[in-house]
Amino acid sequence: MARAEPSDDRLREEAAEPARPERAGDPGRVGGPEPASDAGDPAAAVAADHTPEPADRDSADGEPADREPDDREPEPTLPEPVRTRIISLAATALPTLPVEEVPPPLRRVAKFAPNRRARLGGGPIATQLAADPLFRQRVASRVLAEVGELGSVVVSGGSPAAADPVEVAALAYLTRPAGWRDLVENAGAAVRAEVDSAIVAELVREAEQRATRAEHDRAVAKVEADKLRDEVARLREELGQLREENRVLGRTLREAQAQHRRAAELLATEKGRAGRAAADHEAELRRIRARLAEAEAAAGAVRQTAKEARSVDDARLWLLLETIGRAAVGLRRELALDPADRLPADYVADAFAEQPAAANSARALDADDPARLDQLLALPRAHLMVDGYNVTKRGFGDMSLEQQRKRLITGLGGIAAQTGDEVTVVFDGAERMHGLPPSPRGVRVLFSRKGETADDLIRRLVRAEPPGRPIVVVSSDREVADGVRRHGAYPLGADSLLRRLARS
């Protein structure tokens with residue numbers, strides 16, 4: 001079962017706390033309480049209270065009993081690479097130790113993942129290595145088992161020339177052989193020498209780079225100098241060309257100035273001529289204006305004479321009309337004529353109810369402009385006659401006869417209300433239809449009798465009207481149109497009325 005890892009914040013808090021002494025009888029401890037140590041870098045830890053381990057403790061851990069005890073000198077200052085390597089080796093060996101051999105402060109660290117153990121538990125590990133010799137010996141035994149021959153050489157106090165000095169110093173710190181401080185010092189010196197060598201190499205490299213850049217800059221400067229020399233030569237050549245062009249332009253300018261002077265002289269001459277011509281034109285204009293004033297005076301006199309003559313004519317015409325009007329009034333009084341309460345079409349309608357007429361069904365189409373209908377309806381006392389079914393079957397053929405009649409009569413009522421003219425609509429029918437709605441004001445609705453067509457009734461209505469009255473007949477039957485035209489009526493096609501109804 002996987003063990004849960006503590007959080008990073010909790011680990012840092014435990015690393016910041018000083019190590020607490022262990023109670024007697026705790027697992028992993030042989031001697032008395034462990035001295036308190038700093039949680040920081042092991043190079044800063046002090047081992048003043050460190051005492052040599054007894055011989056039986058060495059034998060219990062499998063270490064030789066004749067090893068020299070650590071002296072009470074302070075811990076040496078470890079170079080950073082050596083310290084990092086020591087913590088890495090201890091972090092690698094920590095999970096291999098039994099739980100009872102792991103110091104309590106590091107038991108939580110031992111549960112960390114390998115990639116986090118050295119990074120997050122470095123402080124506690126370094127503290128325990130500096131303060132707990134037994135724990136350091138146990139870690140050293142695990143590390144020596146891993147490194148092999150190099151560990152044996154370091155334990156014997158040797159330092160192979162080909163070995164990494166950092167590795168040798170880390171093993172010497174953990175195993176503490178005779179002269180281990182010298183090995184650590186030698187590793188520090190080697191690290192510093194490597195750092196100095198790296199610095200020197202970096203300086204040499206930077207110097208070489210600066211030299212290379214300087215050489216490159218010198219080559220670039222040489223190329224630029226060559227380009228500048230070429231540019232100077234080109235500019236000198238262009239300067240010579242510009243000087244030559246300047247001489248040509250100067251000569252051209254002098255010629256242009258001479259031409260300008262000649263043009264100015266010619267302009268002054270032409271201005272004198274134009275001034276004289278303008279004076280002549282001004283004199284001519286004054287003469288024309290005088291003539292125009294005389295012509296306007298003559299025209300005014302003519303208009304006044306014409307106005308007076310027109311006034312005389314208007315007076316004569318008024319007197320004639322007044323005489324005719326009074327004569328008509330006297331004639332009406334002499335003949336004792338009363339105002340007519342019936343129109344000629346009313347008499348035809350009454351006679352139509354008693355006398356039959358022959359039927360004729362010859363028809364022909366006729367098309368007129370609807371604007372013509374408006375012009376005719378604008379005449380005074382006009383009478384509009386409509387061939388009913390001839391119009392409705394062309395415009396509303398998909399409706400029933402009753403709906404056709406109703407729609408046409410309603411539309412004609414609107415025309416009668418707009419124009420004030422007399423309107424008569426005639427439908428074919430053996431007898432008058434019963435149950436018809438009342439006709440609109442100004443619209444007369446007639447039905448032909450048995451044996452007679454609406455065309456015959458329309459012709460009779462036209463003949464009954466007095467000569468000179470404007471009569472408009474709407475029918476697409478050419479025979480009807482020709483017949484009413486002979487009696488002075490104005491025939492129009494059914495399309496003209498349909499367009500007029502659609503517009504209103």
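The legends below accompany several close-up views of one predicted model.

In this predicted model, local features need pLDDT of at least 70 and side-chain atom pairs count only at pLDDT 80 or more, while totals for chains, interfaces and linings use all residues. Residues are numbered from 1 along each chain as its sequence is written, and side-chain values use heavy atoms, with hydrogens and water left out.

**View 1. Helix α9 and the arginine that follows it.**
Helix α9 covers residues 165-175, where helices (H or I, at least four residues) and strands (E, at least two) are DSSP runs numbered from the N terminus. Because 10 of its 11 residues are buried, α9 is largely enclosed by the rest of the structure; buried means under 20% relative accessible area, exposed over 50%, and partly exposed in between (1.4 Å probe, protein chains only). Among the buried residues of α9 are Glu167, Tyr173 and Thr175. Just after α9, arginine 176 takes a positive phi of about 55°, and the charged end of arginine 176 sits over the ring of tryptophan 180, 4.1 Å from the ring centre. A charge sits over a ring if NZ of Lys or CZ of Arg is within 6 Å of the ring centre and within 35 degrees of the ring normal.

Glutamate 202 is bridged to arginine 205, with their closest N and O atoms 2.2 Å apart; both lie in helix α10, 3 residues or about one turn of the helix apart. Glutamate 202 is partly exposed at 31% relative accessibility, as is arginine 205 at 35%. Arginine 218 and glutamate 215 meet in a salt bridge of 2.5 Å, N to O, and arginine 229 forms one with aspartate 226, the closest N and O atoms being 1.9 Å apart. Arginine 229 is exposed, with a relative accessible area of 52%, whereas aspartate 226 is partly exposed at 29%. Elsewhere, salt bridges that share partners join Glu422, Arg444, Glu465 and Arg469 into one network.

Leu317, Leu320, Leu321 and Ile324 make a nonpolar surface patch of about 400 Å². Patches are made of residues with over 30% relative accessible area and no salt bridge, like charges being joined within 9 Å and nonpolar side chains (Val, Leu, Ile, Met, Phe, Trp, Tyr) within 5 Å; accessible areas come from the Shrake-Rupley method with a 1.4 Å probe, and for residues only the protein chains shown count as cover. Leucine 317 lies in helix α10 (residues 180-335) and counts as partly exposed, at 49% relative accessibility.

Tyr389, Phe427 and Phe447 form one aromatic cluster. Rings of Phe, Tyr and Trp (its six-membered ring) pair if their centres lie within 6.5 Å, with planes under 30 degrees apart counted as stacked, over 60 as edge-to-face and the rest as tilted; by this rule the count comes to 3 aromatic pairs. Lysine 393 lies over the face of tyrosine 389, at 5.7 Å from the ring centre.

**View 2. Arginine 459 in helix α15.**
Arginine 459 lies in helix α15 (residues 454-464) and is buried, with a relative accessible area of 15%. Arginine 459 and valine 473 are 14 residues apart in sequence, and their C-alpha atoms are 9.4 Å apart in space.

Methods
Salt bridge = Lys/Arg side-chain N within 4 Å of Asp/Glu carboxyl O.
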